[in-house]
Amino acid sequence: MNSIYPILEQFNEEHLLFPSYVAAFEDIDGLLGLHRETGITQNLLVLGESGTGKTTLCRAIAAKYPRTVLTERDIVPVLHVPIPCAATIAGVTEAMLAQLGDPSPAFGSISTKTARAIKLARALSVELLLFDEAQHIQDRGRLPTQYHVGDWLKTVMDAINVPTALIGLPRVGQLLQVNEQLRRRFSRRRYLQMGQGGETSIEAECLQLFVSLGATLPISLACGAFGWAEMGQRVYYACDGRVAYVKKLLSGAIRIALDRDLREIGPTVLEEAFTKEVWWEGVGQLNPFNSGFRFRKLNQVNEPFERGLLGTRPVARGRT
Ligand SMILES: Nc1ncnc2c1ncn2[C@@H]1O[C@H](COP(=O)(O)OP(=O)(O)OP(=O)(O)O)[C@@H](O)[C@H]1O
Ligand SMILES: [Mg+2]
């Protein structure tokens, strides 16, 4: 059983360059390249459901342009700021200061903290800002708060004057609907979702990801009586086209297969793994790997890919 752990660990770290991920990576990378070459500052809104790889993408961009430690100062080309749940202006400023290496992010009034963050970002030669988890601004619910944090973001972007990517769940689009100045700054958008290539269907792209990830495992995948094209559809419904769920499903399947000394990972193992790892109520017709499955998206109420209601209507709570 112990030998499962290195396999799972290695599998968890697998990093694949699937089309929508590569397109988003190139778009963000392009912002930095354009700014370096021409001084032009363009921004981008990157939207994707949970588990589509947004944070992984931010980390990959930051890894491409790592922090350099010089004797006189550090250089931080890419600043990745996850917006905290309590997305007050103070909270977001502190998150930014923490990423900039400020020793006391909580110290000072909001305006002095903001000024410090801008000064530090310039001193560290930040060339690209990545604000991840942007939906937390919207989740604050109260429109005045959304405006204030939006205005803060606009001020910081204008003062630092480097390209910015605002990254979050699709509902961030609604935040921009109520803030015209942010909307203008983030008029360019990229959706981190499969099936945008035109030539390849979403099911085929999902199958490709499933097979590529499966190829990194020590036990081979099998489609059984379904055939590969149908297997692609089933994987799509099981994972909603999100890389995180493809990984969850396969890591559950490899556990079962190794535990039972199986020679391959086929529909029966995947059916069990789906129930264990993705949706415990996903049995029988509600399990994409069951022969009775109805081939429909599992996004109804209480199903695993139900769209979050949070943020679709104003909720009175918290303070600014
Ligand atoms: N390009 C990739 N190749 C392989 N695995 C990936 C890739 N991108 C993401 N993953 C896997 O999917 C999981 C979820 O990714 P990530 O945290 O980046 O999603 P997210 O879109 O930020 O989700 P959330 O909105 O919930 O924060 C990660 O743990 C990682 O294992
Ligand atoms: Mg994330």
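Predicted model: local features only at pLDDT ≥ 70, side-chain atom pairs only at ≥ 80, totals over all residues.
Q: What is the strand order in the open sheet?
A: The order is β4-β5-β6-β1-β7, 5 strands with parallel pairing.

Q: Which strands stand at the edges?
A: β4 (78-82) and β7 (189-191) do. Each has a single partner strand, so one side of each has no neighbour in the sheet.

Q: And how are neighbouring strands turned against each other on average?
A: By 15°, with direction ignored.

Q: Which residue in β6 is the bridge partner of leucine 130?
A: Alanine 165.

Q: Which strands does helix α3 lie across?
A: Helix α3, residues 54-64, lies across β1 (44-47), β4, β5 and β6. Against β5 it runs at about 160°.

Q: Switching to α10 and α12: at roughly what angle do their axes cross?
A: At roughly 45°, and the axes come within 10 Å. Helix α10 spans residues 202-214 and helix α12 spans residues 243-259. The two helices are therefore oblique to each other.

Q: Is the crossing left-handed or right-handed?
A: α10 passes α12 in a right-handed crossing.

Q: Which residues meet there?
A: From α10, Leu209, Phe210, Leu213 and Gly214. They meet Val243, Val246, Lys247, Leu249 and Leu250 in α12.

Q: How do the residues of that contact divide into nonpolar, polar and charged?
A: For α10 with α12, there are 7 nonpolar, 1 polar and 1 charged.

Terms used. Residues numbered from 1 in each chain as written. Chains lettered and ligands numbered in written order. Heavy atoms only, no water. Pairing = 2+ DSSP bridges. Helix = DSSP H or I, 4+ residues; strand = E, 2+ residues; numbered from the N terminus. Axes fitted to C-alpha atoms, helices over the stretch in contact; angles between N-to-C directions. Contact = heavy atoms within 4.5 Å. Parallel < 35°, antiparallel > 145°, perpendicular 65-115°, else oblique. Left-handed = near helix turned anticlockwise from the far one by under 90°. Nonpolar A, V, L, I, M, F, W, Y, C, P; charged D, E, K, R; others polar.
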